[in-house]
Amino acid sequence: MFSEITEGTTKVLVPTHLAKSIFYNPKMELCRDIDIASIAAFATLYPSPSLTYIDALAGTGMRGVRVANEVGLQVTINDRSTPAYELIQRNIALNAVEECATAYNENANVLLIQTRYDLVDIDPFGSPVPFLDAACKSVKRLLLITATDTAPLCGAHTGGVRTYGARPLNTEYHAEMGTRILLGAVTRELGRYDKAIQPLLSYASAHFIRLIARVERGAKKADESMQRLGFVAHCFSCGHRFAFSYADMLDLNVENTCALCGQKMRIAGPLYLHPIKKKEFCEEVHEELAKRTLGKKREALKIVNTCILELDIPFYYEHHALCKALKIPPPPISSLLDTLRSAGFSASRTHFSDTAIKTDARIDELKRIVKML
Ligand SMILES: C[S@@+](CC[C@H](N)C(=O)[O-])C[C@H]1O[C@@H](n2cnc3c(N)ncnc32)[C@H](O)[C@@H]1O
Ligand SMILES: [Zn+2]
């Protein structure tokens with residue numbers, strides 16, 4: 001029924017295909033590797049005598065057991081499925097971390113409402129929304145959230161407004177839009193408990209979005225974090241796009257005709273407009289990744305390194321789509337970035353897509369520069 005594997009430096013029993021009642025996804029090893037480095041980085045940069053961590057939807061318990069074994073925090077590992085709970089207990093024993101790890105067989109929301117944890121990790125099937133209220137009430141210092149319901153978050157089908165209270169648009173930068181809509185929803189939920197969000201590392205990879213965000217207490221800080229929400233206007237005719245604040249929206253202080261082509265702009269949001277990562281934190285995560293034994297080290301280093309260098313602009317441009325619209329063969333991305341920089345613009349790659357760039361150049365300027373290459 002079970003086979004033993006190793007992730008990081010932790011041994012874990014995982015279900016074979018016969019034990020379908022317990023969830024195990026080998027594709028999330030990359031996410032778990034980045035988590036281990038991020039939690040270690042957090043403990044270094046924001047030290048506290050004894051940090052408590054909860055893996056509230058644990059499946060095999062692999063994530064929580066790794067946090068106990070590889071970072072040494074005091075962990076609670078919970079799953080409401082009884083076979084999963086029994087496997088969590090076996091995985092705790094297999095790594096001899098009984099002194100710092102406790103298994104629970106509860107509804108995650110009940111546990112989170114009853115107890116406050118320094119670090120709260122929510123890794124559900126699909127949307128984290130059913131757990132956001134309890135997670136935001138419980139968390140004291142760091143929130144780690146996965147979403148795999150990328151369709152409503154990214155605008156591929158309806159449901160964004162119902163689930164996240166925000167409208168996504170299905171643009172070429174939908175992965176970033178989904179990440180920022182999720183951050184916006186978490187900001188509002190934390191605000192209800194007078195808590196403020198500070199994103200430390202937010203990324204999207206394959207089928208999932210992962211947020212790692214510091215949480216601070218205080219109504220004033222919470223008010224300030226709400227001011228980081230806003231909207232993105234997008235013209236589907238010429239590709240022009242810009243961001244604007246909540247205050248501008250409430251004051252109807254927004255031009256909804258495209259300044260470049262005169263068509264109607266579509267509006268997405270509310271979403272989180274400020275930086276979705278903290279550079280110093282990501283650098284510490286990079287160091288942690290580099291010195292650890294990890295199965296997905298190369299991929300993890302690439303994502304985190306690109307996040308470090310990525311411009312804090314809330315959208316990106318797909319290079320191939322841009323060149324297709326201009327009916328020209330795409331020049332190398334590196335020459336486009338160099339040319340933009342020598343023309344006085346900021347420009348970077350983005351971890352959201354290997355074939356996209358971020359720049360503060362407007363799309364008409366960008367098109368002019370691409371055509372020159
Ligand atoms: C995506 S899996 C977790 C995977 C795991 N975090 C990992 O890294 O391998 C989601 C888990 O949540 C559990 N679950 C679903 N609803 C729950 C609830 N309300 N309370 C506690 N556990 C729940 C499921 O039994 C399942 O094991
Ligand atoms: Zn336009």
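Start at ligand 1. The residues of its shell divide into ten nonpolar, six polar and five charged. The shell holds 21 residues in total. Select the closest ones: L57, G59, R80, A108 and D123. Keep in mind throughout that this is a predicted model.

**Zoom out to the whole chain.** Colour by secondary structure. The protein comes to 15 helices and 15 strands. Its radius of gyration is 21 Å, close to the 21 Å that the globule rule gives for 373 residues, so the protein is as compact as a globular protein of that length. Along the principal axes, the C-alpha atoms fill a box of roughly 65 × 45 × 40 Å.

**Go to the place where the domains touch.** Nine residues of domain 1 are in contact here with seven residues of domain 2. Which elements give two or more residues to the domain 1 side? Show α8 (174–191), β8 (195–205) and α12 (297–309); these are the ones. Of these, α12 supplies the largest share, four residues.

**Stop at the loop between α8 and β8.** Select D194, which is found in this loop. Check its backbone torsions: phi of D194 is near 55°, a positive value in a residue other than glycine. Most residues other than glycine have a negative phi.

**Move to helices α13 and α15.** Select residues 319–326 for α13 and residues 363–372 for α15. Two packed helices are described by the angle between their axes and the distance between the axes. How do α13 and α15 pack, and at what angle? The angle is about 80°, and the axes lie 11 Å apart. That makes α13 roughly perpendicular to α15.

Now show the side chains where these helices meet. On α13, pick L322, C323 and L326. On α15, pick L366, K367, V370 and K371, which the α13 residues meet. The residues of this contact divide into five nonpolar, no polar and two charged.

**Finish at strand β12.** Select residues 266–272, the strand in which P270 lies. Where is the cis peptide bond? Look at the link from G269 to P270: this bond is cis, with omega near 5°. Most peptide bonds are trans.

Conventions
Residues are numbered from 1 along each chain as its sequence is written. Chains are lettered from A and ligands numbered from 1 in the order in which they are written. This is a predicted model: local features need pLDDT of at least 70, side-chain atom pairs count only at pLDDT 80 or more; totals for chains, interfaces and linings use all residues. A residue is near a molecule or strand if its C-beta atom, placed from the backbone, lies within 6 Å of it. Ala, Val, Leu, Ile, Met, Phe, Trp, Tyr, Cys and Pro count as nonpolar, Asp, Glu, Lys and Arg as charged, and the others, Gly among them, as polar. Two residues are in contact if their C-beta atoms, placed from the backbone, lie within 7 Å. Axes are lines fitted to C-alpha atoms, for helices over the stretch in contact, and angles run from 0 to 180 degrees between N-to-C directions. Angles under 35 degrees count as roughly parallel, over 145 as roughly antiparallel, 65 to 115 as roughly perpendicular and the rest as oblique. The radius of gyration is taken over C-alpha atoms; the globule rule is 2.2 Å times the number of residues to the power 0.38.
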